Amino acid sequence: MPLPRLDGPAKVTGRARYAAEHPAGDLLYGVIVDTPVARGRIERIDVRRAMAVPGVVEVITHENRPRMRSLDLFYKDMTAPVTGSPFKPLHDDQVHCSGQPVALVVATSFEAARHAATLVEAQVAAEPHQTDLMAVRGEAREPSPLRAGFKPPPKPRGDAEAAYAQAPVQVDAEFHHGAEHHNPMELHGSTVIYGRNRHLTVHDKTQGSQNVRWVLSRVFGLPKSRVTVKNEFVGGAFGSGLRPQPTVLLATMAALKLERSVRVVLTRQQMFNFGHRPESWQRVKLGAAPDGQLLALTHDAVGATSRKEDYVEVVVNWSSQLYRSEAARLGYQLSELDHYSPMDMRAPGAAHGVHAIEVAMDELAHRLQMDPVALRLKNYADHDYNEDLPFSSKELRACYQQAAERFGWEGRPPAPRSMRQGRELVGWGMASGTWDAMQMFARVHALLRADGKLVLRTAASDIGTGTLTVMTQIGAAAMGMAMEDVRFELGDSNLPVAPIEGGSSHVATIGSAVQGVCERLQHKLWELARKQPQSPFATCRFHDVGFAQGFMFLRFERDVTVRLTDILAAAGLKELEEKYLMLPAVLKQKKYTRAVHSAVFCEVKVDEDFGTVRVTRIVSAIAAGRIMNRQTARSQIIGGVVWGISQALHEETQADHRLGRFMNRDFAQYHVPVNADIHDIDVIFVEENDRIASRLGAKGVGEIGLVGVAAAVCNAIHHATGRRIYSLPMTPDKVM
Ligand code: MOS
């Protein structure tokens, strides 16, 4: 059912409080001092001038910070230990990347702290650094595949190189993708409230309150009961809140040292210091028969990582999962750079990997003089040949059909440069998208109260995706209650255990847990009702009863009803509590590949004189299982499409390799689309109902909206201009 966000009014009127907006008595403000040096050693930090500023309480550096236990041991990235050693703020005199914090100035006002921060003098002895992926990618190495959820490339099928060499039609393409930085509207920040009995209430911008609590309590040696982490409202995160950020460690460090409440919030420029989508290089080779049958597919990628950690993501595997090729070989390697560790960003890996395969497929279609959709259908994978598993469901074929029809693809002249409108060339392109359908585990507690209200509780997060709304909806639908009578509580580490909100898995995970606890509650209500004297439900079975409008009724005799609150009253209960732990059906799921799919069709208008591209029309057809709320799901896809356009045309963080520093670190220089860049976006949800992916039949819609969009834009630019662009963003200098 399409329903607007329950938290919409609170957000647009400013009543919703974000992490750095929570008030606290006697609050101190921490401002980070960072170094522009890419690699080196801190020789001396002079804080005297900063300390002399009225209002400054302390300047914390590696020399006077409180003791911390090992982040190497206790840092958690999603569900797995990281491979390597995470960045430790103010740990020692080593400088690992440009933008690294070297001091935290703490003052009674933000202004004093900010001013004093400019007066801290850090003398850093620079050492040689390397931030140029293209210069070192030749020496790339295999990654350590320790991270949970990371699948190394599958074993080769056949001899792909030999098959490629003999193939009648060949495509060999190299791709470059620059780094991108997460820029949610809400900056990373934390307000740590130092309360009674030294209890810390930490309002943090995070995608998982319990993950942050775990790290803080372990690293600072605090009992879990001394730390509560809250993230009721999150103004976007896109993966930047999967890992606890240095802000929360710094704010907590200061609060513990000074025994005061402390807030630390990044500036927009500092948002470019703590993680990014890694730069990557890729090469795709496709060999095909004249009829389009793929004979060979190779896909190699080198991703950037830091010297401290192996950041790994699935980049190449999607290619041979999307297309059936007789021979296939995939490779994925890493190169270490002196940047901060890369981090998951919306559709990590797929955003680059699927771009490369989808552009290469378009090029192949062009060489074969074959329709791009027909080429994809010719090599359609009804089965996951990587894993030799069936798909739990895969309606990608229907995505192609429905999106093509809505777009009007049939009228497309095959040759590039055949459509023009005024001074603009017009091009139509398409691409496929795919992403995993994941499910984690979660607990939900339900409380049905005598006043007829249902409270559902779990430490889920709503990073702006609509979790609150959708979970309330699932609970209300399951119990046959009005939305107003259901309250969903989230965003607090004291609530029952829930995973981080990431990987587009929250609906399949938390939603299934909500469904599960509601079914338990129904069962309990049925048991209570049938025990009443002369109960009309005495002999009925559980599946004979239904729930609607706050009543339980007999399915075959609809006028036999009882109000839920009357069941409680008759049993002498003030409230009824149920608990449920949702564990994925792993044994069943293991027999399938679970994935979501999309088909993206795009129209561009290109002004050749200026090299400017306008994306005038996008149709995105999504197959992502059952859609629980068409309105919030559609918003997710639109957001993804906008980001895809951004990747295609605008976003890139460029490093000056002499300085080893990302240079364009604000919205004046790091470009994202504005309203005027966005035209028609049409979202189609293709029907799927996947009971293997989750008991709700839902898979998840967060990341898929992005995947394939930039490829569709690239392919449309080729159709408009005859020009193939192999790197993103496709800025005017490349298009001209
Ligand atoms: Mo996302 S990159 O799963 O937050």
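Helix α10 is mostly covered in this predicted model, with 18 of its 19 residues buried, where a residue counts as buried if 20 or more other C-beta atoms, placed from the backbone, lie within 10 Å of its own, as exposed if 12 or fewer do, and as partly exposed in between. The helix spans residues 350-368 and reaches 26 Å from its first C-alpha to its last, close to the 27 Å expected at 1.5 Å a residue, the expected span being 1.5 Å times one less than the number of residues. Just after α10, Q369 takes a positive phi of about 55°. Residues are numbered from 1 along each chain as its sequence is written. Local features need a pLDDT of at least 70 and side-chain atom pairs count only at pLDDT 80 or more, whereas totals for chains, interfaces and linings use all residues.

Helix α7 (residues 209-219) is largely enclosed by the rest of the structure, because nine of its eleven residues are buried. The buried positions of α7 are S209, Q210, N211, V212, R213, V215, L216, S217 and V219. Just after α7, a positive phi of about 65° is taken by G221.

The secondary structure of the protein chain comes to 19 helices and 33 strands, both being DSSP runs numbered from the N terminus (helices H or I with at least four residues, strands E with at least two). The radius of gyration of the chain is 27 Å, close to the 27 Å that the globule rule gives for 736 residues, so the chain is as compact as a globular protein of that length; the radius is taken over C-alpha atoms, and the rule is 2.2 Å times the number of residues to the power 0.38. Along the principal axes, the C-alpha atoms fill a box of roughly 80 × 75 × 50 Å. Buried residues make up 57% of the 736 residues.

Domain bounds, which come from an automatic or database domain assignment, divide the chain into domain 1 (349-438 + 590-736) and domain 2 (442-583). The centres of domain 1 and domain 2, taken over C-alpha atoms, are separated by 39 Å. In all, 18 residues of domain 1 are in contact with 14 residues of domain 2, a contact requiring C-beta atoms, placed from the backbone, to lie within 7 Å.

The chain averages a pLDDT of 96, and 99% of the residues score at least 70, on a scale of predictor confidence in each residue from 0 to 100.

Terms used:
Contact = placed C-beta atoms within 7 Å.
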